[in-house]
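This report covers one protein chain, from its overall fold down to single residues. Please keep the sequence and the model at hand while reading.

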Amino acid sequence: MCPLRPAQVTPVTVGLDDRHPYVRRTAVMGVLKIWHMNPDIVESQGMLQHVQALLGQDSDPQVMANGLTLLMQVRNEFSSRLHAQLLMIHSSSVGRGVWA
């Protein structure tokens, strides 16, 4: 997979603040796409916090729906990754007798 460049991320970040609802709703879904490609970029750019702020202030229902979709998918993926890591740690620890 190709690494994301700042020139690819900037339009999404700028779009979150656009005055047109269509641009904001598309930008929110762009954040989700970036999350699937590289979650570290989303976290380092503060995009999730920006989307959470939109949920509290945006008047467009589709922007809010897209924001909720984003946050639910991110939460589910994060939980799945964390669960997999914990299982891996647990299985390696059991073999060494740490949990005995």
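## Overall fold

The model is a predicted one. The chain has five helices and zero strands, and from the N terminus on its elements run α-α-α-α-α. Of its 100 residues, 28% count as buried.

Contacts between residues at least 6 apart in sequence can be sorted by their separation along the chain. Of these contacts, 52% join residues at least 24 apart.

## Packing of helix 2 and helix 4

Two packed helices are described by the angle between their axes and the distance between the axes. For helix 2 (residues 21–37) and helix 4 (residues 47–57), the axes come within 11 Å and cross at roughly 150°. The crossing of helix 2 and helix 4 is left-handed.

On the helix 2 side, the contact is made by Arg24, Val28, Val31, Ile34 and Trp35. Helix 4 contributes Met47, Leu48, Val51 and Leu54. By class, the contact of helix 2 with helix 4 has eight nonpolar residues, no polar ones and one charged residue.

In soluble globular proteins, nonpolar side chains tend to be buried together. Here the largest nonpolar core has 18 residues, and Leu16, Val31, Ile34, Val42 and Leu70 touch the most other members. Helix 1, helix 2, helix 3 (39–44), helix 4 and helix 5 each supply at least two residues of this core. The largest share, six residues, comes from helix 2.

Leu16 lies in the loop between helix 1 (6–15) and helix 2. Is Leu16 buried or exposed? Leu16 counts as buried, because its relative accessibility is 1%, under the 20% cut-off. Leaving aside neighbours within four places in sequence, Leu16 is in contact with Arg24, Ala27, Val28, Val31, His50, Val51 and Leu54. Leu16 and Val28 are twelve residues apart in sequence, and their C-alpha atoms are 6.7 Å apart in space.

## Salt bridges

Side chains of opposite charge can pair when their charged atoms come close. A search of the whole structure finds two salt bridges.

One of them joins Asp58 and Arg24, with the closest N and O atoms 2.5 Å apart. Asp58 lies in the loop between helix 4 and helix 5 and Arg24 in helix 2, so this pair ties together parts that are 34 residues apart in sequence. Both Asp58 and Arg24 are buried.

The other salt bridge is between Asp60 and Arg25, where the closest N and O atoms are 3.1 Å apart. Asp60 is in the loop between helix 4 and helix 5 and Arg25 in helix 2, so the pair ties together parts 35 residues apart in sequence. Asp60 counts as buried, with a relative accessibility of 12%, whereas Arg25 is partly exposed at a relative accessible area of 24%. Which residues does Asp60 contact, leaving aside neighbours within four places in sequence? The partners of Asp60 are Pro21, Arg24 and Arg25.

## Two further positions

Gly67 is placed in helix 5 (residues 61–95). Its relative accessible area is 0%, so Gly67 is buried. Leaving aside neighbours within four places in sequence, Gly67 is in contact with Val28, Val51 and Leu55. The C-alpha atoms of Gly67 and Val31, 36 residues apart along the chain, are separated by 9.4 Å.

Val14 is placed in helix 1. Its relative accessible area is 53%, so Val14 is exposed. The C-alpha atoms of Val14 and Arg24 are separated by 9.0 Å, and these residues are ten apart along the chain.

Terms used: Residues are numbered from 1 along each chain as its sequence is written. This is a predicted model: local features need pLDDT of at least 70, side-chain atom pairs count only at pLDDT 80 or more; totals for chains, interfaces and linings use all residues. Side-chain values use heavy atoms; hydrogens and water are left out. Helices (H or I, at least four residues) and strands (E, at least two) are DSSP runs, numbered from the N terminus. Buried means under 20% relative accessible area, exposed over 50%, partly exposed in between (1.4 Å probe, protein chains only). Contact means heavy atoms within 4.5 Å. Axes are lines fitted to C-alpha atoms, for helices over the stretch in contact, and angles run from 0 to 180 degrees between N-to-C directions. A crossing is left-handed if the near helix is turned anticlockwise from the far one by less than a right angle, and right-handed if clockwise. Ala, Val, Leu, Ile, Met, Phe, Trp, Tyr, Cys and Pro count as nonpolar, Asp, Glu, Lys and Arg as charged, and the others, Gly among them, as polar. A nonpolar core is a set of buried Ala, Val, Leu, Ile, Met, Phe, Trp, Tyr and Cys residues joined through side-chain atoms within 4.5 Å. A salt bridge is a side-chain nitrogen of Lys or Arg within 4 Å of a carboxyl oxygen of Asp or Glu.
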